[in-house]
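Hello,

Here is the structure you asked to look at. Please open it first, then read my notes below.

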Number of protein chains: 2
Amino acid sequence: METQFSSRIKNLRRSVVRDILSFHSSNDMISFAGGLPGKEALPVEAMRKAADRVFEREGIRALQYGTTEGYNPLREWIADYLCSEGIPTGPDNILITGGSQQALDLIGRLFLNPGDQVAVTLPTYNGAIQSFELSEASLICTESDNDGPLPNEIRRAILQGAKFIYLTPTVANPSGRSISEKRRSEISEIIRTSGIPLIEDDPYSLLMFSDHSFRKMTSYMDGETILLGSFSKIVAPALRIGYIRAPENIISRMVPVKQAMDLHTSLVSQIILFEYLSHENLSKHISDAKASYRIKRDLILSELSAKLPQLKTDIPDGGVFLWGRWGSPINSSELLYLATEEGVAFVPGSSFYPDGGDNFIRINYSAPDLNRIPEGVDRLVKAYNRYHSLL
Amino acid sequence: METQFSSRIKNLRRSVVRDILSFHSSNDMISFAGGLPGKEALPVEAMRKAADRVFEREGIRALQYGTTEGYNPLREWIADYLCSEGIPTGPDNILITGGSQQALDLIGRLFLNPGDQVAVTLPTYNGAIQSFELSEASLICTESDNDGPLPNEIRRAILQGAKFIYLTPTVANPSGRSISEKRRSEISEIIRTSGIPLIEDDPYSLLMFSDHSFRKMTSYMDGETILLGSFSKIVAPALRIGYIRAPENIISRMVPVKQAMDLHTSLVSQIILFEYLSHENLSKHISDAKASYRIKRDLILSELSAKLPQLKTDIPDGGVFLWGRWGSPINSSELLYLATEEGVAFVPGSSFYPDGGDNFIRINYSAPDLNRIPEGVDRLVKAYNRYHSLL
């Protein structure tokens, strides 16, 4: 075959995270790279029981084709959850997707022509960058302060013709930061007035450590947004279940796109997840996971502060990532090669920027076992020292 | 939100099949519309045991993120199966997808720019038409005779600049026809010489009723094609597991596209499927399903021939569909509305053509219970008579 590829894949980057994942699943690597839940947070026994009940009770319905919109009881469960968050939602506002990643892809297919622009803050979720690249969109990067994206920057992006605005307002990946309530209110008003869609990506809001919780921007905007949620971080990534919450007229335009993309999301995954959600105490499960992640976060922060003070980090109030900035210029991609030789992995900051960002690194603390974290930091220190000795 | 949609969705059709599916799952409808396996062919108890063993043995590995390429033991199983079909294949030639539909979408993303052309035969799988529409491609429709697409028509499509050729050589959906060995050999040679990719879509070859089997075109072309397979028709659609078999250099270009699309296919689905394949006798399962489908096919053929001789059909040697042509001009889309009022559904032929095709209908015989088939045909006859009385 002489293959002529489409223009859209020419600039498509591979995910460093996923390549590292496939690389080190088979050896002694201590990984701070992926966004994986910790072993202790994966509900194996509950899921086993859920699967057993599903096949016993649902029988052939669990194995047959489903509807494109998704398994209705699961859509209803999600709608009830969002109502409890102050966002009036019915099942017809929900489309089940193959994780949030597919939701992003679907949004790109629905809205973006090649050359269109999308407004983001930096650093931004690497999977979103990949997805917008696949849609051949370019990014308008808006400046932020400690409260979140600056109102004037949002205005600028709208004036520049952004097709939509993509934000992760609560415990963003990778920065761990959240937009303040005041700023949510301000920029909601700007976006609402402009009429362009806001994509509110919200995979981490249930993983906040403190008692504080934020109002979703979708709530500020009376539901006139496209809200993305996911069960990957709070139940299990292997299910690949995410969802889109949007006005019905948007969902009904998304359905034929989703049909053409994959007919529907794994019904086996959806029904097992619904069965799990119906029988288990999700709040308790999440609360246990957060307790463990918080201990891991505190340990890695104290280890880094003691052994690698050259790396400056915030203290994230939730989620699964630290965002680190080197005190002096370092090429984190080159450091990564040395790190993997030492048996430790992280994600270079460049994955979260369209250009640059290599003076940052993202460190995941949820996946490694607690007792391996000190050794992981030791290895990172070795790599750092080797990096400087090679300069 | 004032929403400006992308140009690609302007002409995207909804799947009549899926809309009908979502419509009549809740009433007395007898459906000849979908491509659903019969209840008797869905291995509920075996799948239940497989799920239980998976969570017991794999534990957290069954709930964690997987690799984009797919679950390796499943890739190896598929590679072994293809080797047994005379196609040398290793796991690195396999990418697991969310059903064949996602494979088609991924191929569109990889190869097609807006305005590109794809060569097909008519009628062609409606999901493929949808997928190519989403990629904003146009179709080059090649003429066929009883042996399959005419060699000169394949040459013409190549000269006209087709980006690739899409064929379902064995028991095609909806026609039920297969390309003869002689024709496979002839057109394989033409396509190989041209260098453009052949997409061989092969969801039905294991569902042939007679002892005859065809060599896959991929085998004629020494593996230099893109072969699509699916477990939806032979195990369970709800899993949403299909695969692409291609040369490694093509698979490695597909992986970052799949990453951006959904990270990976449901690992829960993949592992349960692999466990099922490892412990159950798939040949026996398929053989039982075929025995049942053959009885259903024979019954519906005799019912139609006795009660509705105006509908001409071939006798398909496998698969799950009859392709019917009305003896006199009928608008099958209008007939469908009357049919659903009578409590029976089918798919109008227009779903399988870019334009026209409304004098045909597709009838599924695998899904309805055997004892409901006569009543389904009676309802179709009533709709047909009402259609003519309204003219």
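Below are the notes on the sheet, the cores and the cysteines.

This is a predicted model: local features need pLDDT of at least 70, side-chain atom pairs count only at pLDDT 80 or more, and totals for chains, interfaces and linings use all residues. Residues are numbered from 1 along each chain as its sequence is written, chains are lettered from A and ligands numbered from 1 in the order written, and side-chain values use heavy atoms, without hydrogens and water.

**Sheet.** In chain B, 7 strands form an open, mixed sheet, ordered β2-β10-β9-β8-β7-β3-β4. Strands are DSSP runs (E, at least two residues), as are helices (H or I, at least four), numbered from the N terminus. Two strands pair if DSSP finds at least two bridges between them. The edge strands are β2 (94–97) and β4 (138–142) of chain B. Strands β9 (226–230) and β10 (242–245) of chain B run antiparallel, joined by 4 bridges. There, B:Leu228 stands opposite B:Ile244.

**Cores.** A nonpolar core is a set of buried Ala, Val, Leu, Ile, Met, Phe, Trp, Tyr and Cys residues joined through side-chain atoms within 4.5 Å. Buried means under 20% relative accessible area, exposed over 50%, partly exposed in between (1.4 Å probe, protein chains only). The largest core has 148 residues; A:Val235 and B:Val235 have the most contacts inside it. A second, separate core of 32 residues includes A:Leu110 and B:Phe5.

**Cysteines.** How many disulfides (cysteine sulfur pairs within 2.5 Å) are there over all chains? The count is 0. A:Cys83 is partly exposed because its relative accessibility is 37%.

Best wishes

Key
A disulfide is a pair of cysteine sulfur atoms within 2.5 Å.
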